[in-house]
Amino acid sequence: MVGALGALGYALAAALGLPPMMAATVAVATQVVATGALHEDGLADIADGFGGGAGRARKLEIMRDSRVGTYGAATLALALVMRVAAFAALAEPGAVLVAAITAGALSRAAVVAVMRVLDPARSDGLGAAAGRPDERTVAAALAIAAGLALVLLLPAGPGVVGAALVGAAVGASGLAWLAHRQIGGQTGDVLGAAQQAAEITTLALIVAASG
């Protein structure tokens with residue numbers, strides 16, 4: 001649904017005659033508003049914590065600080081640019097719709113897997129309160145997202161489908177590995193950042209495979 005809303009924003013902007021880059025900006029802005037910038041906030045927080053904290057306790061303390069530092073601002077800006085550039089590169093509204101829905105679904109299913117793999121890094125907070133999904137729940141989430149990717153992307157070729165699946169896996173697992181190394185587990189911020197990493201990597205590989 002978040003992907004579809006972003007694609008709708010893109011289509012409306014394109015229909016008004018805006019060029020792809022401006023339409024893509026409208027698309028990403030629509031997604032940010034739809035989610036309340038929840039995942040973007042997590043990405044900025046872990047960038048500040050992982051980049052500015054000297055130890056595990058300090059990293060977690062920084063991540064809870066509502067202020068955004070240099071690491072967080074720079075990371076968030078680059079992440080938004082990557083998403084805008086991906087939609088602009090696809091250009092055609094139908095292609096943006098397919099990519100946005102696919103990346104949104106795969107990245108959120110990947111978050112469920114991260115919740116299963118990583119222990120909570122602290123005893124309180126959103127990550128701990130969300131609980132730990134069982135293996136069947138993880139499998140169901142991944143199967144639904146992968147099936148959606150197959151249906152939507154197969155007309156573009158099996159290579160594009162494979163690229164999207166690899167993108168989500170690499171983005172989420174890379175972020176999960178980093179979180180394990182930095183703070184020994186997951187928090188709500190880590191889950192939000194994992195979604196962003198998976199979505200951006202998925203979009204990037206879809207663009208590369210479609211070129």
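**Stop 1: the cavity**

Select α1 (2–15), α2 (20–35), α3, α6 and α10: each supplies at least two residues of the lining of the largest cavity. Helices are DSSP runs (H or I, at least four residues), numbered from the N terminus. This is a predicted model, where local features need pLDDT of at least 70, side-chain atom pairs count only at 80 or more, and totals for chains, interfaces and linings use all residues. Residues are numbered from 1 along each chain as its sequence is written, and side-chain values use heavy atoms, without hydrogens and water.

The largest cavity holds about 60 Å³. On a 1 Å grid over the protein atoms alone, a 1.4 Å probe fits at cavity points but cannot get out; a pocket is an open set with protein on both sides within 12 Å along at least five of seven lines; lining residues have an atom within 4 Å of a point. Volume is the space filled by probe spheres set on the points, joined across faces, edges and corners.

The lining has two nonpolar, seven polar and four charged residues. Ala, Val, Leu, Ile, Met, Phe, Trp, Tyr, Cys and Pro count as nonpolar, Asp, Glu, Lys and Arg as charged, the others, Gly among them, as polar.

**Stop 2: α3 against α10**

Now show H39, L43 and F50, among the α3 residues that meet α10. Contact means heavy atoms within 4.5 Å.

**Stop 3: the pocket**

Move to the second largest pocket, about 180 Å³. Select A110, A113, L142, A169 and A172, the nearest its centre of 15 lining residues. The lining comprises 14 nonpolar, one polar and no charged residues.
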